[in-house]
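Hi everyone, thanks for making time this morning. I'd like to walk you through one structure, so let me put it on the screen.

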Amino acid sequence: MSGAAHMAPFDTIVMIDWSGAPDRGPVPKPDAIWASVLREEGEAVPVYFRNATDLEHWLLGLVAAECGRGRRTLVGFDFPFGYPRGVARRITGEDGPAALWDWFADAFETLPAGEGRFDIAGRLNRLLPGAGPFWFNGLQGREIDDLPRRKPVHDPDLPARREVEDLARGSFACWQMGGVGAAGSQAMTGMATLSRLRRILGRDMAVWPFAPLDGPVGVVEIWPSLARVAVRARLAEPGIPRDRKGAPIKDAAQVSALARIVGTAQAEGHLDGLLAAPSARSRQDEGWILGVGGTLGLDDIAAGAGPAGPLALPRAGV
């Protein structure tokens with residue numbers, strides 16, 4: 001089962017573009033955490049967060065308010081929810097994502113002063129076969145033990161990519177810790193955030209595809225590059241925050257475009273289809289990206305959404 005069958009609609013949609021950086025400062029900028037909220041009354045202006053802690057406090061407040069009103073919320077995060085098959089067991093001794101998320105939360109909470117996610121990558125390399133798999137050393141002003149500077153030869157005993165990444169053309173594996181296309185830092189910090197949210201929300205939070213989205217809060221993995229056309233169009237529209245040079249910030253446009261697409265998919269009866277593709281392997285261990293493998297692409301849905309302007313969600317009646 002995909003978790004989509006007989007799913008009640010969502011009243012609020014929150015799409016979040018992630019960053020693995022510890023803090024991006026007070027001024028809104030690209031390559032940071034951005035969130036967009038869509039409700040039946042319309043879409044809010046995308047919001048900037050300087051770090052994950054601020055985002056978590058904001059999101060928990062939003063979810064608490066929605067739950068208090070008997071409303072369901074769907075949250076999309078732009079980071080991998082798991083590693084390729086078998087990696088979680090090698091790290092934690094258990095299959096599935098929960099122990100892995102908790103491992104990262106504990107790793108970040110117990111880091112010695114002056115250390116960070118690159119040190120965690122080196123620590124993980126000591127637990128996994130081969131010279132990697134994590135890499136990209138040299139940006140911290142010091143050498144990180146057991147973290148190669150360049151991409152190492154991947155050990156054949158370890159899957160190189162998740163199944164969904166093989167299908168999502170242009171997606172990046174989660175081993176690279178920095179540079180263009182890096183998803184390693186986002187995955188680590190993001191999974192630690194999922195652990196903290198799960199500790200607080202408990203059974204109210206269901207993470208797809210590991211569990212059916214049948215509670216007050218549903219969480220899905222997103223990848224804005226699946227909606228390139230819609231993101232480009234949103235960049236040209238009003239309402240997108242701008243950087244210091246006056247250019248629209250792509251991250252803000254991405255979450256806005258994704259919120260509109262998911263809202264349109266729900267309104268037109270396509271959301272279940274976006275949740276229908278994951279294999280058993282992905283539901284057990286790896287996770288899946290919303291919309292990969294379905295019969296209708298995100299840009300196809302966006303094309304039917306109309307031009308500029310906020311989209312209104314239908315009232316869910318829950």
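Before we look at packing, one term: when I say contact, I mean heavy atoms within 4.5 Å. And please keep in mind that this is a predicted model.

Let's start with helix 1, residues 52-68. Its buried residues are covered by, among others, strand 1, strand 2, strand 4, strand 5, helix 6 and strand 7. Which residues are buried there? They are Ala 52, Leu 55, Glu 56, Leu 59, Leu 60, Leu 62, Val 63 and Glu 66. Looking down the axis, these buried residues fall within an arc of 165 degrees, so they line one face of helix 1. The face turned away carries the exposed residues His 57, Ala 64 and Gly 68.

Now the two ends. At the start of helix 1, a side-chain oxygen of Asn 51 comes to within 3.2 Å of the backbone nitrogen of Thr 53. After the helix comes Gly 70, with a positive phi near 70 degrees.

On to the cores. The largest nonpolar core has 53 residues, and Ile 16, Phe 77, Tyr 83, Phe 104, Phe 134, Met 188 and Val 219 have the most contacts inside it. Helix 6, residues 184-201, gives the most to this core, with seven residues. Apart from that core lies another, of 41 residues, including Trp 288 and Leu 298.

Beyond its sequence neighbours within four places, Leu 271 is in contact with Met 7, Phe 10, Val 262, Ala 265 and Gln 266.

Notes
Residues are numbered from 1 along each chain as its sequence is written. This is a predicted model: local features need pLDDT of at least 70, side-chain atom pairs count only at pLDDT 80 or more; totals for chains, interfaces and linings use all residues. Side-chain values use heavy atoms; hydrogens and water are left out. A nonpolar core is a set of buried Ala, Val, Leu, Ile, Met, Phe, Trp, Tyr and Cys residues joined through side-chain atoms within 4.5 Å. Buried means under 20% relative accessible area, exposed over 50%, partly exposed in between (1.4 Å probe, protein chains only). Helices (H or I, at least four residues) and strands (E, at least two) are DSSP runs, numbered from the N terminus. The expected span of a helix is 1.5 Å times one less than its number of residues. The arc is that of the directions from the helix axis to the C-beta atoms. A polar contact is a pair of N or O atoms within 3.5 Å; within protein, one must be able to donate a hydrogen and the other to accept it, and residues adjacent in sequence count only if both atoms are side-chain atoms.
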